[in-house]
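This report describes selected geometric features of a single protein chain.

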Amino acid sequence: MEVLSVLNLGDFPQTFSKLGMFPVFDLAYYIVSILYLKYEPGSVEVSRRSPVASWLCAMLYCFGSYILADIMLGSSPIDYFQHNSHILLASAVWYLIFYCPLNLFYKCVAFLPVKLVLVALKEVVRTRKIAAGVHHAHHAYHHGFFIMVIVGYVKGSGVALISNFEQLLRGVWRPETNEILSMSFPTKASLYGAILFTMQEAHWLPVSKSTLILIFTIFMATSKVVMTARHSHGSPFALIESWVCHLLFGSPLGGSEEDHHHAPAAVPSSPLKSKEELSEGSRKRKVKKAE
């Protein structure tokens with residue numbers, strides 16, 4: 001009877017929203033995040049030259065959203081590092097991805113079918129972080145709707161918003177890759193998700209939080225799995241954004257999004273996009289170089 005009650009469609013959103021993230025979902029989040037770090041130019045060289053700098057970069061990839069959100073809400077930026085099990089798990093993933101003999105662990109998690117599962121699990125964590133960020137801000141600033149959106153946005157965007165600082169730890173300075181200037185799909189989706197969860201928190205959206213978590217998780221997981229499988233950097237929001245920007249700001253139809261995707265190779269794309277859009281051939285070249 002308990003199994004049937006869990007599978008009951010009416011109770012499923014509530015059951016799903018109470019599902020614990022540690023360790024399975026968090027593990028997937030750490031693996032994908034540090035996998036994207038290894039895709040970054042020079043990250044393998046940094047791991048050989050300065051393991052401490054490489055570890056700090058990996059921790060920013062895993063916990064950058066918590067650090068930035070804590071700073072914005074007046075808490076200690078190292079507050080999340082009191083969770084020893086999370087830090088140890090993320091550190092173990094970092095070590096295995098960068099230092100496992102013959103790159104065996106990296107090859108396993110970078111194998112496309114495995115990677116697609118991990119990407120889907122990561123989006124479960126992202127959605128939960130957005131909802132938690134909005135809820136946390138709601139308790140601190142009960143009628144601060146813009147603050148709720150900002151904190152939820154920061155929680156969902158991860159390291160993207162502080163990517164330039166993370167680059168400095170690797171000895172790289174590329175201000176043109178600022179995520180605000182050229183937002184990737186996860187960053188845009190985090191912003192839209194934060195708006196939706198803020199509307200729900202303010203009772204402007206006639207759905208329960210658990211239902212919204214389920215719906216937004218399905219959307220994010222499906223979108224990211226399809227984009228990863230196709231090695232695509234297109235956004236499901238591109239058409240709507242194009243029309244809205246044209247209507248409100250006079251931008252050319254399909255302008256900024258299209259221009260950004262087809263920019264010359266000399267102009268670096270945003271960090272998160274470059275991580276998610278690398279071809280299999282490019283990844284293999286990096287592995288050979290590391291070896």
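## Basis of the description

Helices (H or I, at least four residues) and strands (E, at least two) are DSSP runs, numbered from the N terminus. The model is predicted: local features require pLDDT of at least 70, side-chain atom pairs count only at pLDDT 80 or more, and totals for chains, interfaces and linings use all residues. Residues are numbered from 1 along each chain as its sequence is written, and side-chain values use heavy atoms, with hydrogens and water left out.

## Backbone geometry in loops

L102 is located in the loop between α6 and α7, and its phi is near 60°, a positive value in a residue other than glycine. N103 lies in the loop between α6 and α7, with phi near 55°, again a positive value in a residue other than glycine. Burial is assigned by relative accessible area: buried is under 20%, exposed is over 50%, and partly exposed is in between (1.4 Å probe, protein chains only). L102 counts as exposed at 65%, whereas N103 is buried at 6%.

P23 belongs to the loop between α2 (12-17) and α3. The peptide bond from F22 to P23 is cis, with omega near 5°.

The expected span of a helix is taken as 1.5 Å times one less than its number of residues. Helix α9 has 13 residues and reaches 18 Å from its first C-alpha to its last, close to the 18 Å expected. Its buried residues include M148, V149, V151 and G152. G158 follows α9 and has a positive phi, near 70°.

Helix α13 (residues 238-249) has 12 residues, which should span 16 Å; the end C-alpha atoms are 15 Å apart, in agreement. The helix is followed by G250, with a positive phi near 75°.

## Nonpolar core

A nonpolar core is a set of buried Ala, Val, Leu, Ile, Met, Phe, Trp, Tyr and Cys residues joined through side-chain atoms within 4.5 Å. The largest such core has 61 residues, of which Y30, I34, F63 and F197 touch the most other members. Helices that each supply at least two residues of this core include α3 (24-39), α5 (51-72) and α8 (112-140).

Contact means heavy atoms within 4.5 Å. Leaving aside neighbours within four places in sequence, Y30 is in contact with C62, F63, Y80, H86, L89, A90 and V93. F185, in helix α11, is buried with a relative accessible area of 3%. F185 and S235 are 50 residues apart in sequence and 5.7 Å apart in space, C-alpha to C-alpha.

## Aromatic and charge-ring pairs

Rings of Phe, Tyr and Trp (its six-membered ring) pair if their centres lie within 6.5 Å; planes under 30 degrees apart count as stacked, over 60 as edge-to-face and the rest as tilted. The count by this rule is 18 aromatic pairs. One of them is the tilted pair of F145 and W204, at 4.8 Å centre to centre with 50° between the planes. These two residues are 59 residues apart, with F145 in helix α9 and W204 in the loop between α11 and α12. F145 is partly exposed at 27%, and W204 is exposed at 52%. Y29, Y30, F63, Y66, Y80 and F81 form one aromatic cluster.

A charge sits over a ring if NZ of Lys or CZ of Arg is within 6 Å of the ring centre and within 35 degrees of the ring normal. K38 lies over the face of Y106, at 4.4 Å from the ring centre, and R128 lies over that of F16, at 5.9 Å.

## Cysteines

With a disulfide taken as a pair of cysteine sulfur atoms within 2.5 Å, the whole structure contains 0 disulfides. For C108, the nearest cysteine sulfur, that of C100, is 7.9 Å away.
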